[in-house]
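Subject: Structure handover

Hello,

Please find the structure below.

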Amino acid sequence: MTSLSIQALVHSPADGLTVHELTLRAPRGSEVRVQVKASGVCHSDLHLIDGDWPSDERLVPGHEAAGIVEAVGEDVTGLVVGDHVVLSWFPPCHACAACLRGEQWLCTGNMCNEHRLPDGGTALSQDGAEVYPFIGVGALAEYVVVPEAAAIKIPDALPFAIGALIGCSVATGVGAVLNTAGVRPGQAAAVLGCGGVGQATVAGLVLAGADPVVAIDLSADRLALARTVGATHALPGDAPDLAAAIAQAAPDGLDYVFEAIGRVETINRAIELVNPGGAVVLEGLTPLDARVPLDAYALAAEGKRLLGCNYGSSVASRDFPALAERYLAGELPLDALVGPAITLPGAIDAFEDMRHARGGRAVVVFD
Ligand SMILES: NC(=O)c1ccc[n+]([C@@H]2O[C@H](COP(=O)([O-])OP(=O)(O)OC[C@H]3O[C@@H](n4cnc5c(N)ncnc54)[C@H](O)[C@@H]3O)[C@@H](O)[C@H]2O)c1
Ligand SMILES: [Zn+2]
Ligand SMILES: [Zn+2]
């Protein structure tokens, strides 16, 4: 097996986002090399680009992707060349206490948050200088090398763009409802922020039988899409009478509020809006240095709960194939969530569009 020369987006603080030709080495040990077929543009990449999560390194963004296994390391046992896979950006190490408890979304043994492969290194370079994969994936690129545990086999019948979304926004949004919160039929919920993650949360709430399902966003585009996905109500987040409109939509109040933005003010708004005894699920990720001043007295006195949500509390090997099956069975309207098909350089503009909340989830499609 040999190295490949690949096209990839690279982010560096000095040059911003640019397309480069990089070298990607062959997979070793239990790694696989995957030809990326579809790669979504997620706001977590935008947090990197905007400096919300500062890094001095040259990183390949992208982590919401699906593709085909092109080469396998000598210790790979569960995948073969040609398998269709969805990539996971939080693969289990299978050795830490969280993994041994079955809570892979809390793994402390992978090096994803350090933008490294599990051995602490990278498979990417340019003219001998190392380039690193953002959250261990780096999928805004023609190929990736990832550990076998980060490539989850899915049916060949699943469209790659749908697989890509399952790899981040759908696993997070649907998982937040089913795994993190455990929403029951008839419970009332609102989703604050209806981008890729928020729309998937709406879809998860519909699947769980929540009623009403109130979508809230600043963008008319996003509100219309949320209605298509199944929200019973769609409300502009900047309406002066938002609380009254919510009271009308949910006369018994909200059992859950899902915050899918990651802003200090909307996190506090979510806490205000939820019923006593209800729970706010924090899906949105703030800039690293943000701190949220809380009305802790009210939180305690009203028995409200604040639930952090990493990756929809997902076990990728269990949940990704299950999400794929539910889509194929017509139970999840994920086609509506796929936005414009774009090229790799087109992702630079797609991040700009994301700042203005235009359109659905842009997906880079590779031939
Ligand atoms: N917890 C996780 O595991 C996880 C996984 C993926 C993404 N995320 C995070 O989730 C967040 C959302 O990601 P995304 O890709 O869906 O982003 P996005 O940019 O596609 O969507 C954000 C939405 O929030 C809306 N919004 C912004 N300010 C608002 C306000 N004040 N009131 C109402 N709506 C508002 C925007 O109009 C937009 O539609 C990001 O912070 C991302 O990093 C977390
Ligand atoms: Zn993401
Ligand atoms: Zn682990």
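By polar contact I mean a pair of N or O atoms within 3.5 Å; within protein, one must be able to donate a hydrogen and the other to accept it, and residues adjacent in sequence count only if both atoms are side-chain atoms. This is a predicted model, in which local features need pLDDT of at least 70 and side-chain atom pairs count only at pLDDT 80 or more, while totals for chains, interfaces and linings use all residues. Residues are numbered from 1 along each chain as its sequence is written, chains are lettered from A and ligands numbered from 1 in the order in which they are written, and side-chain values use heavy atoms, with hydrogens and water left out.

Domains

The chain divides into domain 1 (4-153 + 333-365) and domain 2 (173-310), with bounds from an automatic or database domain assignment. Domain 1 gives 16 residues and domain 2 gives 15 residues to the contact (heavy atoms within 4.5 Å). Between domain 1 and domain 2 there are 8 residue pairs in polar contact, both at pLDDT 80 or more. The count of salt bridges between domain 1 and domain 2 is 0 (a side-chain nitrogen of Lys or Arg within 4 Å of a carboxyl oxygen of Asp or Glu).

Histidine 63 is in the loop between β4 (59-60) and β5 (64-72) and cysteine 168 is in helix α3 (residues 160-181), so the pair ties together parts 105 residues apart in sequence. Helices (H or I, at least four residues) and strands (E, at least two) are DSSP runs, numbered from the N terminus.

Regards
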